[in-house]
Amino acid sequence: MTVVVRTDQWHPDMEAVRKGASVIKAGGTVIFPTETVYGLGANALSAEACLKVFRAKNRPADNPLIVHVCDMEGFLRVAENPPEGLVSALKALWPGPLTVLVRKRDVVPDVTTGGSPYVAVRMPDNPLALALIRESGVPIAAPSANLATRPSIVDSSQAIREMYGRVDLIYDCGPVRIGVESTILDMRGGTPRLLRPGGYPVEFLERHFGEIEVTDEARGLRLSPVALTPGMKYRHYSPSVQMFMADVDTIRELCATGRKDITVIAEHSVCGVCRADCIDLGLTMEDVARNLFSAFLALETRGSRAGFIQKFGEGGLGLAIMNRIRKASSGEVHSLGEALALVGDGPSGIGGGALKGH
């Protein structure tokens, strides 16, 4: 049976922290908030505990887990001989939404890393997460707290709805601050390589690391044949209703149809005048990032035949946003006619389209 513990994630009650830590120490699973998304955590140094995370999520065994630490001692406990320059940079950037891929120490089981000799590590910027790791006395391996392929969890109500009965304890703490996962950098070679864009934009990280290589996999344009870290090999974030990308002009044309059998997902300036069903992502790119996964989940409740989501520029947080949109979408439409052909071009479109389920 899942225990739900309510506490303030910014000023956590120590009794609540100890309840979660006792579960981690006993080899159990805990869903907890970070600054990015909710994580599904277990003792990163226990193969048996980490296997429970894979089972709870229906996660492929070769899709590695991110190891969360609460201080630099924890990082050095799991990372083998990291370069001095990396340690200095991390002291300036942690806690924060950055994960680094480094060679692992033997103390980290192969189960945790999906069989890889490298481990992805981060220090979350969330008081409850840091207190839980510290009180547990071990680093915590934690992917996002959702079923495999599903949208990530950014509010405890979503975690309770989707994961109750699959884990030992869930912290009920409300919404997270950022809403997209951490940025992942491959630090194994000379030039840092972006494996997943996230809460720290590349432009900001280049102030600390110099030029960062941004690949097509990081942009979400293609999947990697190997899962060095989460988000590379497998389809992610997908709502159960098919969703398609479109530029803002096509989105506005869809809004003007006034149709209620489609759902538009767009920024506030578009949604504010939309005559079709519309899910508002907010005013700023920070709003869009924070509301994105909730919008994917809301799409499932609208009863529409398809969703059409606005594309964004890739500067700043836009790269992380577009990575998630591309991975969650079933494709891109380039015109109003192409979009309506998917759902049928009659007054309601019901029964007239060519859509098929996932």
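This is a predicted model: local features need pLDDT of at least 70, side-chain atom pairs count only at pLDDT 80 or more; totals for chains, interfaces and linings use all residues.
Local features were taken at pLDDT of at least 70 and side-chain atom pairs only at pLDDT 80 or more, whereas totals for chains, interfaces and linings use all residues. Residues are numbered from 1 along each chain as its sequence is written, and side-chain values use heavy atoms, with hydrogens and water left out.

Helices and strands are DSSP runs (helices H or I, at least four residues; strands E, at least two), numbered from the N terminus. Helix α5 spans residues 127-136 and helix α1 residues 14-25. Seven of the 10 residues of α5 are buried, so this helix is largely enclosed by the rest of the structure; buried means under 20% relative accessible area, exposed over 50%, and partly exposed in between (1.4 Å probe, protein chains only). The buried positions are Leu-128, Ala-129, Leu-130, Ala-131, Leu-132, Ile-133 and Ser-136. Their cover includes α1, β2 (30-33), β4 (66-68), β7 (140-141) and β8 (169-172). At the start of α5, a side-chain oxygen of Asn-126 lies within 3.0 Å of the backbone nitrogen of Leu-128. Just after the helix, Gly-137 has a positive phi of about 80°.

The axes of α1 and α5 come within 8 Å and cross at roughly 55°. Axes are lines fitted to C-alpha atoms, for helices over the stretch in contact, and angles run from 0 to 180 degrees between N-to-C directions. The two helices are therefore oblique to each other; angles under 35 degrees count as roughly parallel, over 145 as roughly antiparallel, 65 to 115 as roughly perpendicular and the rest as oblique. The crossing of α1 past α5 is right-handed, the near helix being turned clockwise from the far one by less than a right angle, or anticlockwise in a left-handed crossing. Contact (heavy atoms within 4.5 Å) involves Met-14, Val-17, Arg-18, Gly-20, Ala-21, Ile-24 and Lys-25 of α1 and Leu-128, Ala-131, Leu-132, Glu-135 and Ser-136 of α5. These residues comprise seven nonpolar, two polar and three charged, where Ala, Val, Leu, Ile, Met, Phe, Trp, Tyr, Cys and Pro count as nonpolar, Asp, Glu, Lys and Arg as charged, and the others, Gly among them, as polar.

Helices α11 and α12 pack at an angle of about 20°, with axes 10 Å apart. This makes α11 roughly parallel to α12. The crossing is left-handed. From α11, Met-285, Val-288, Ala-289, Leu-292, Phe-293 and Phe-296 take part, and from α12, Gly-318, Ile-321, Arg-324, Ile-325 and Ala-328. By class, the contact has nine nonpolar, one polar and one charged residues.

Asn-323 lies in α12 (residues 318-328) and is buried, at 1% relative accessibility. Beyond its neighbours within four places in sequence, Asn-323 contacts Pro-197, Glu-217, Ala-218, Arg-219, Gly-220 and Tyr-237. Glu-300 is placed in the loop between α11 (285-299) and β15 (306-310) and is partly exposed, with a relative accessible area of 24%. Not counting residues up to four places away in sequence, Glu-300 touches Arg-150, Pro-239, Ser-240 and Val-241.

The peptide bond from Trp-94 to Pro-95 is cis, with omega near -5°, and Pro-95 belongs to the loop between α4 (84-93) and β5 (98-103). Asn-58, a residue other than glycine, has a positive phi near 55° and is exposed at 54% relative accessibility. Thr-149 likewise has a positive phi, near 80°, and is partly exposed at 43%.

How values were computed. A polar contact is a pair of N or O atoms within 3.5 Å; within protein, one must be able to donate a hydrogen and the other to accept it, and residues adjacent in sequence count only if both atoms are side-chain atoms.
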